[in-house]
Amino acid sequence: MDYSRKISERLWNLPDKGELESRREDTFIDDIVQKSHLEKELLSHLDGIRTVFDGGAGCGRFSILLAKHGCQVTHFDISQPMIDKAKELAEKEGVLDKIVFIKGALEDLSAFADNSFDMVISFDAPVSYTYPRQEQVIGELVRICGKRILLSVSSRLGYLPYLANPIQKNQFILDEGYGDPFVRWCVENAAEAVGAFRFQKDAVLKVWSDGLMGGEEEIAAYEGGGAPWCITYTFLPDELEGLLERCGVKNIRLAGPGAYARTIPREVLVKIMNDPKQREEFLDVCYRYDSSPYVCGMGKDNLLAVGEL
Ligand SMILES: C[S@@+](CC[C@H](N)C(=O)[O-])C[C@H]1O[C@@H](n2cnc3c(N)ncnc32)[C@H](O)[C@@H]1O
């Protein structure tokens, strides 16, 4: 297959990736906000849903949740370490018998018949990692879907401000003393990252027009046997909506999980997160605000689309 499979496999197959991904909400507030939004969205759309296809299901954040709510889930992912971690967590939660685990690439869904699943989900940007096949992949996800589709992809409007902020992730660190290697890296490199930073209008305009995070340098590194960050396609809201409409999806709603939290300084976010009542109320407000079409695309770096067949 094309390089998107090679890239995805090299990145997601790193031995500790499943373990790190399964602990994201322990370390980063933007991940807590995003997960809370997606959970609220999913659980309010389960009427009439028995079978679910989770494309790029990772370590099972949502496949396990849905299995616990009585769905029969097909957990599909390109990475064996991710699947292994998901199986371990599903067993702990007592839902192993509700989930079928399949290793495969989203670029090839030919094994599944039209309308095979009541609901199709693909969260936290697996579709964006299938560049240059992202449009075909969306078409295939719609084809195998019977009733309801929920996709979250990388957002171009959400990503562009990162090009003016080399320490964007620091805003969301829950506990700077936590032993996670990425947290340590963010803290230790912050001063140097700001010191070395230069705003580059050309780099912003390039991503604005081609939508690509990564590009020639990354492709060359992969071809040389390296494993840099993967090449990711970022969508504009109207582009994603148009693609889904052309595939026959109706009643499309877009949202930008993370938009509200993005406006708040770290010290305040940490305070809110450390008080259970404020945290619950804050996450509820985030969900309402981030569901507004006027902020869609601005959240963290994910753009969510929900639609019906
Ligand atoms: C950021 S994780 C999200 C996992 C999960 N959806 C969640 O929200 O917790 C992205 C997942 O997509 C998977 N992935 C990336 N490219 C893929 C592809 N072409 N086909 C299938 N899975 C892919 C990765 O292995 C990884 O598990």
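These legends accompany several close-up views of a predicted model. Residues are numbered from 1 along each chain as its sequence is written. Because the model is predicted, local features need pLDDT of at least 70 and side-chain atom pairs count only at pLDDT 80 or more, while totals for chains, interfaces and linings use all residues.

View A. Two strands pair if DSSP finds at least two bridges between them.

**View B. Strand 1 meets strand 2 (residues 72-77).** The two run parallel and are joined by five bridges. Look for F53, which stands opposite T74 in strand 2.

**View C. Helix 7 (residues 134-143) has several buried residues.** They are Q134, V137, I138, E140, L141 and V142; a residue is buried with 20 or more other C-beta atoms within 10 Å of its own, exposed with 12 or fewer, and partly exposed in between, the C-beta atoms being placed from the backbone.

**View D. The loop between strand 4 and helix 7 holds D124 and P132.** The peptide bond from Y131 to P132 is cis, with omega near 10 degrees. D124 has a positive phi near 65 degrees, though not a glycine, and counts as buried with 25 C-beta neighbours inside 10 Å.

Key
Helix = DSSP H or I, 4+ residues; strand = E, 2+ residues; numbered from the N terminus.
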